[in-house]
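Reader: I have a structure open and would like to go through it. Can we start with a strand and then look at the pockets?

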Amino acid sequence: MKILVVLSGGQDSTTCLFWARSLLTDKGDKLHAVTFDYGQRHRIEIEAARKVASMANVDSHEVIEVPNCLRSVSPLTSEHELEKYESYEQMDRVIGSRVELTFVPMRNTLFLTIAANRAVALGCNQIVTGICEQDTANYPDCRQSFLSQMEEAINQSLGRQIEERIEILAPLVNLSKAQSIARAMELPGCMQALAYSHTSYDGKYPPTDMNHSNVLRAQGFLEAGVPDPLVMRAWREGRMELPTTANYASLRGDA
């Protein structure tokens, strides 16, 4: 078995990397990862990807440069300001059914296309992605319907028959953040690696800004009832205070 993981360095793709690692059972099995440098404003996520790939002991990790390719008004690739929120509930009301402002058009289409090229070169029949439909961002390219159609398009373009088909696996696509954290806790080494993942859209460590990614991640760990390893790392380094939420109560020494 040879598996290729699309690794952003974030919470979900890190979990998917260790999930893919858990599928390997034979000495000849291989785990590969690709990360995309697409002109995003913050380089910290690429360094996070390098760190967690090393912790997962992947057989190869390639950072693929696709500069001057994706253009958008997303704060991830432009000077537009990030939207900030007071709480998870207020964020949910504000976003509602609209697409979150950080959406980069055609990003996942491009990434999966290039990943399919690398999968063929590496002899991989599975591509793993951290796409999650349950996030409140409403990204149209983070849905199972999109993945199914991309998988079909990839195999059509490669002329692959049934026994040769490339599968796109998204183990978190229908899970909430809390459910994905529960899965991470079952995967050896994953929670340790999450301490070095990067989620915050503002590109800063520690994650204290109330942007969509930070609020969603914090809510997931709150609902899962466990501390975030990234927050714990920052706290131990003296970079931030412990959050006031219930999942840190025992660490704060609350009665």
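Reader: Is strand β1 mostly covered or mostly open?
Author: Mostly covered. This is a predicted model, and in it 4 of the 5 residues of β1, which spans residues 2-6, are buried.

Reader: Which way do β1 and β2 run, and how many bridges join them?
Author: They run parallel, joined by 5 bridges. One of the pairs is Val 6 with Val 34 of β2.

Reader: What does the chain pass through between β1 and β2?
Author: The chain goes through α1, and the β-α-β crossover is right-handed.

Reader: What about β4, how many bridges does it share with β1?
Author: β4, residues 126-128, pairs with β1 over 3 bridges, also in the parallel sense. Leu 4 has Ile 127 of β4 as its bridge partner.

Reader: How do the lining residues of the largest pocket divide?
Author: Into 16 nonpolar, 17 polar and 9 charged.

Reader: And the second largest pocket, what is its volume?
Author: About 430 Å³. Its lining has 22 residues, with Met 210, Asn 214, Val 215, Ala 218 and Gln 219 nearest the centre.

Reader: Which element gives the most to that lining?
Author: α8, with 6 residues. The lining of this second largest pocket divides into 11 nonpolar, 7 polar and 4 charged residues.

Conventions
Residues numbered from 1 in each chain as written. Predicted model: local features only at pLDDT ≥ 70, side-chain atom pairs only at ≥ 80, totals over all residues. Heavy atoms only, no water. Nonpolar A, V, L, I, M, F, W, Y, C, P; charged D, E, K, R; others polar. 1 Å grid on protein atoms, 1.4 Å probe; cavity = no way out; pocket = protein on both sides within 12 Å on 5 of 7 lines; lining within 4 Å. Points joined across faces, edges and corners; volume = space filled by probe spheres on them. Helix = DSSP H or I, 4+ residues; strand = E, 2+ residues; numbered from the N terminus. Buried < 20%, exposed > 50% of the residue type's maximum accessible area, 1.4 Å probe, protein only. Pairing = 2+ DSSP bridges. Right-handed = clockwise from strand over helix to strand, strands pointing away.
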